[in-house]
Amino acid sequence: MTVLVKICGLSTFATLDAALEAGADMVGLVFFAKSPRHLSLAAAAELAAHARGRARVVALTVDADDAALAGIVDAVAPDVLQLHGRESPERVAEVRARFGRPVIKAVAIGGRDDLGAVAGYAAVADMLLFDAKPAPTAALPGGNGLAFDHRLVAGLDPGVPVMLSGGLDPATVAQAIDLVRPAAVDVSSGVERAPGDKDPAMIRAFIAAARAA
Ligand SMILES: O=C(O)c1ccccc1NCC(=O)[C@H](O)[C@H](O)COP(=O)(O)O
C-alpha cells in the first residue's frame, strides 16, 4: 500500500522544492491570519503555480465564508480545499458544490465521543483528516504538533479515504501508518525548526519514512 504524503503549511520556495523533489503528493497552503504559516493570496498564487502538476495544491481554511473562499479559488486555483474549522456537514457539502473541488474535512479527535461526527462528514467530504483536538484555549485549530491516541481510529473505515495527522514527525510516522493504515499522512510542525519555519532535511526525512512504512 502506498501512503500519500501531504506537507502542510509551506511558505517558501526552498521548502516547497524540498517537498516536491522528495515526492510529496500534496502540498498545503494555509489561509488563517492567526497562523505563523498564513500566506497572502499573492504569495500563495506564486507557490501554487510552482507546484502545479507536480503535487496537488491544497488550500487550508478555517470557517471561511464564500467570499474568502472565492478569493482563494480565483487567485490560487487550488486542486483541493481543506476545511479545518467547525464547518458543519451541510457547509462542507455546500462548499464542495459551490467551488467544484474535492474537499478534505478535518475532524478533531480527543476521545471516543468525537468519533460520532465521522459518519456525517464522511457522507459529504472526499477525504477525512483525523487531527488531534486542540485545547479549548488554543490559538489554532490545527498545526499544533499535538498527537492523539491513534488506537481510536485504527481500523476505522468511514467509507472515504482517511488522512492521519497531528503531531507526526519523521520518527513516528511509520509506526502510525502501521497501526492506522491511512490512505494518507499529513505533517506540519513535525518538519519545522520553529512554528512556520520548515526544515528541508526534516521534510525529506518525513517523506522517506512514510514511503518506507
Ligand atoms: O498550520 C496551521 O497553522 C493551521 C492553522 C489553522 C488550522 C490548521 C492548521 N494546520 C493544520 C495542519 O497543518 C495539519 O493539517 C495538521 O493539523 C497537522 O499539524 P501538525 O500537528 O502540526 O503536524
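Strand S2, residues 26-31, and strand S3, residues 56-61, run parallel and are joined by six bridges. To take one of those positions, Val30 has Leu60 in S3 as its bridge partner. For anyone new to this, strands of a sheet pair through backbone hydrogen bonds, either parallel or antiparallel.

What you are looking at is a predicted model. The protein chain has a mean pLDDT of 97, and 100% of its residues reach 70 or more. For the complex, the predictor gives an ipTM of 0.97 and a pTM of 0.96.

Now the wider arrangement. How many strands close into the barrel, and in what order? Eight strands do, in the order S1-S2-S3-S4-S5-S6-S7-S8, with parallel pairing. From one strand to the next, the twist averages 25 degrees.

Next, the ligand. It is surrounded by 27 residues, and the closest are Ser35, Gly142, Gly143, Ser188 and Ser189. Sorted by class, that shell has 11 nonpolar, 13 polar and three charged residues. Two strands to look at here are S6, 127-132, and S8, 184-187, each of which supplies at least two residues of the shell.

As background, an α-helix has 3.6 residues a turn, so residues three or four places apart point the same way.

Leu4 sits in strand S1, residues 4-7. Why does Leu4 count as partly exposed? Because it has 18 C-beta neighbours inside 10 Å, while a buried residue needs 20 or more and an exposed one has 12 or fewer. Leu4 is also 203 residues from Ile207 in sequence, yet their C-alpha atoms are 9.3 Å apart in space.

The other residue is Ala135, in the loop between S6 and strand S7, 162-164. Ala135 counts as exposed because it has 10 C-beta neighbours inside 10 Å. Between the C-alpha atoms of Ala135 and Gly110 the separation is 9.5 Å, and along the chain these two residues are 25 residues apart.

Methods: Residues numbered from 1 in each chain as written. Predicted model: local features only at pLDDT ≥ 70, side-chain atom pairs only at ≥ 80, totals over all residues. Pairing = 2+ DSSP bridges. Helix = DSSP H or I, 4+ residues; strand = E, 2+ residues; numbered from the N terminus. Axes fitted to C-alpha atoms, helices over the stretch in contact; angles between N-to-C directions. pLDDT = per-residue confidence, 0-100. Near = placed C-beta within 6 Å. Nonpolar A, V, L, I, M, F, W, Y, C, P; charged D, E, K, R; others polar.
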